[in-house]
Amino acid sequence: MAKKRKPPSIKGDQRSDTHLEGEKYGTPRSYDPHFRGPVVNRSCTDVLCCMIFILFIMAYILLGLAAWVNGDPRRVAYPTDSQGYFCGQKGTPNENKSILFYFNLLTCTSPSVVVNLQCPTTQICVSKCPERFLTYMEIQFKYKNDSEYWTYYSQFCRTTFLKPAETLSQVLLDNDCPSAIYPSKPFLQRCFPDFSTKNGTLTVGNKTVFDDGSGKTRNAAELRRAANGINKALDARAIGVKVFEDYAMTWYWILIGLTIAMFLSWMFVMLLRFTAGLLFWIFTFGVIGIIAYGIWRCYLEYSRLQEQPSSRLNAYTIGIQTDISMYFRLKQTWFALMIILCLLELFIILMLIFLRNRIRISIALLKEGSKAIGYLPSTLIYPALTFFFLSVCISYWAVVALYLATSGAPIYKVIAPQGHCEHENKTCDPVGFNTTEVAKACPGAQCHFAFYGGKSLYHQYITTFQLLNLFVFLWLINFVIALGQCALAGAFASYYWALKKPDDIPPYPLFTAFGRAIRYHTGSLAFGSLILAIIQMFRLILEYLDKRLQEAQSNISKFLKCCLRCCFWCLEKAVKFLNRNAYVMMAIYGKNFCKSARDAFNLLMRNILKIAVMDRVTDFVLILGKILVAGCIGVLAFLLFTERLPVIIEGPTSLNYYWVPLLTVIIGSYIIAHGFFSVYAMCIETIFICFLEDLERNDGSAEKPYYMSQSLMKIMNKRNAETKKQ
């Protein structure tokens, strides 16, 4: 009987520790002797999803065309009177009447009702707002002595009269003229009361009380309640003018600050090859020192309270207190905090001791990423292309949503000022409405413009089209981001798998990787972005239902809602992480989305500890970089805009709000730094995946040499055959 042959043993340096971290998550990929970086000979992947994606884009274009044909954005740009006519539209009788006037603003219940043109009062287009107090009854008396009063008042009437011959009751019944006018100012092309404060008292046109035209005396507070928030909006307009003035004075300084932020971000990325380790260890020892100080402080407080007569008090003695400071008077509180901080300190120190090798690998990969960007500087320009594509998608979505919202013919509905009418909210015809049975059954009811709509098949599915517009928008946004990640991953993978860097790096790696992603992997990228779009759509629908049903929710439904929101948030984060790594594998091997995601998942699970350490170290360095860039620019901008650098440089003077350009510079600098560091993060993730693949597929022999840098080989105690001979 033949002896069983023993399998050859694997020496320590030939067996990667990646095998020990996750044997059950698949086996390492078999060796391909012809593999020399990202696969060149590829075939199209996920063709079915690519076809579906193209069909959706074609449908999206057709939807935009249909919305463009049926919609009319003038309905948003111009206010609409009670008859559904635009105010200020050229080529119409209202061309010179660009402001909307409300007959009786006191009937409006809220500002949102006013802005949405749902106020239950007649609305007409006028050329200017009233500037004085007048009532219809006053006009009837003053007209006999001076016709100028009626000439002024009649411009706020719906129809033209030679004289105020009708009685007040007839005028109110026919809705021909307002019962009273009062000083107003135009805002958002609508006449709103001219509120002001005099000696702490709210006034309208310097009056605290006025006649509403029906014999009742009203005060400014009542009018303010009817148009609550309008005065704040007027104040906001004044603030807006001042903000615009500040931007006009500081725009070039803002551009200079953003340019400096761009330079600092580039410098930070380039210098990480020298400073990554220093930054990490300074931060780590800083955290250890802060926790040690906390332990010492807790011990001092515990010792101080131990010597006091009240040291016998405990949490059971004082019970539940709303004043949190009461618990800090107990020695048990400081003792518990000291124990917690000691455990945290011990945990950090043990992690640093046992994970020191993985931390060294992470720092080495950060340095390697900085080198890669130094050899491929064109990758730092790619975020501008992504920003352009995203801007196109956002603009198209906004335009289609606007045209869909303004599609249809004017719809008129019955509105009763008192709110007691069986025909209220029913559609009506404004022509001859006063002679209909509805007007007789509901005295005072009016037929007003409500919204735009229709009874055709297109108008019945406007809501569905809006949902489709939102869904395809989310799909396109995620596709653009996925395309950028795959293109950058292909470029950085070309760098890693070059044996002699930079000589073996192929020409135009970013352009080549972008072309491969578009030509072969559009379907796979669409597949991954579709999964994300579906999850995000569910999250948005959940948020919408939460807003609509907020008042009718029980405690159980609120708890379930929070659980669902948390689950969808976690699911979205997990899918984004898996998608990124799947795109890296796709850029290297050219497989479809599912196979790439499976290979990436198995590879990451086999190296779960390295992943955890790498993510934390990378996140820390990138967050620190963003704060450093935004903070430096923010400090310089603060000194400049507050005129504290007159000796060095003379900045803008007499700013209304210096914090407006300051916040603009800080936020803009952070966004620029985020754009640069997003490329760097993708670089690190790609190099890390390639590094793990390198460890699993190669052993350092002449046939299977390692592609990692010398610093990584030194940390991993690896050598190539040529190096060993030397």
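## Briefing: salt bridges, disulfides and cavities

The side chains of Arg-606 and Glu-696 meet in a salt bridge, with 2.8 Å from N to O, where a salt bridge is a side-chain nitrogen of Lys or Arg within 4 Å of a carboxyl oxygen of Asp or Glu. This pair links distant parts of the chain, since Arg-606 sits in the loop between helix H20 (593–605) and helix H21 (608–641), while Glu-696 belongs to helix H22, 90 residues apart. The model is predicted, so that local features need pLDDT of at least 70 and side-chain atom pairs count only at pLDDT 80 or more, whereas totals for chains, interfaces and linings use all residues. Residues are numbered from 1 along each chain as its sequence is written, and side-chain values use heavy atoms, with hydrogens and water left out.

**Salt bridges**

- The structure holds 9 salt bridges, and those that share partners join Arg-297, Glu-301 and Arg-304 into one network.
- Arg-606 is buried, because its relative accessible area is 6%; buried means under 20% relative accessible area, exposed over 50%, and partly exposed in between, with a 1.4 Å probe and protein chains only.
- Arg-565 counts as partly exposed because its relative accessibility is 34%, and Glu-543 is partly exposed with a relative accessible area of 26%.
- Glu-572 and Lys-576 meet through their side chains in a salt bridge of 3.4 Å, N to O, and both residues lie in helix H19, 4 residues apart, which is about one turn of the helix.
- Within that pair, Glu-572 counts as buried at 7% relative accessibility, whereas Lys-576 is partly exposed at 30%.
- As background to these pairs, side chains of opposite charge can pair when their charged atoms come close.

- Taking a disulfide as a pair of cysteine sulfur atoms within 2.5 Å, the count comes to 3 disulfides.
- Cys-87 is joined to Cys-125 with an S to S distance of 1.9 Å, and the link is left-handed, with -75° about the S-S bond.
- That pair bridges distant parts of the chain, 38 residues apart, with Cys-87 in the loop between helix H3 (74–77) and strand S1 (99–102) and Cys-125 in strand S2 (residues 123–126); both cysteines are buried.
- Helices (H or I, at least four residues) and strands (E, at least two) are DSSP runs, numbered from the N terminus.
- Cys-129 and Cys-191 form a disulfide with their sulfur atoms 2.1 Å apart, and the link between them is left-handed at -95° about the S-S bond.
- Cys-129 lies in the loop between S2 and strand S3 (134–135) and Cys-191 in strand S6 (residues 190–193), so that the pair links distant parts of the chain, 62 residues apart.
- Cys-157 and Cys-177 are joined at 2.0 Å, S to S, in a link that is right-handed, with 115° about the S-S bond; Cys-157 is buried, and so is Cys-177.
- Cys-298 is in no disulfide, the nearest cysteine sulfur, that of Cys-342, being 8.4 Å away.
- The sulfur of Cys-567 is too far for a bond, because the closest cysteine sulfur, in Cys-566, is 5.7 Å from it.

**Helix H22**

- Helix H22 (residues 659–697) has 39 residues and reaches 56 Å from its first C-alpha to its last, close to the expected 57 Å, the expected span being 1.5 Å times one less than the number of residues.
- H22 is mostly covered, with 29 of its 39 residues buried.

**Cavities**

- A search of the whole structure finds 3 cavities of 30 Å³ or more, a cavity being a set of points on a 1 Å grid over the protein atoms alone where a 1.4 Å probe fits but cannot get out.
- The largest cavity has a volume of about 70 Å³, a volume being the space filled by probe spheres set on the grid points, which are joined across faces, edges and corners.
- Lining residues have an atom within 4 Å of a point, and those of the largest cavity include Phe-101, Tyr-182, Cys-191 and Pro-193.

Technical notes. On a 1 Å grid over the protein atoms alone, a cavity is a set of points where a 1.4 Å probe fits but cannot get out, and a pocket is an open set with protein on both sides within 12 Å along at least five of seven lines; lining residues have an atom within 4 Å of a point.
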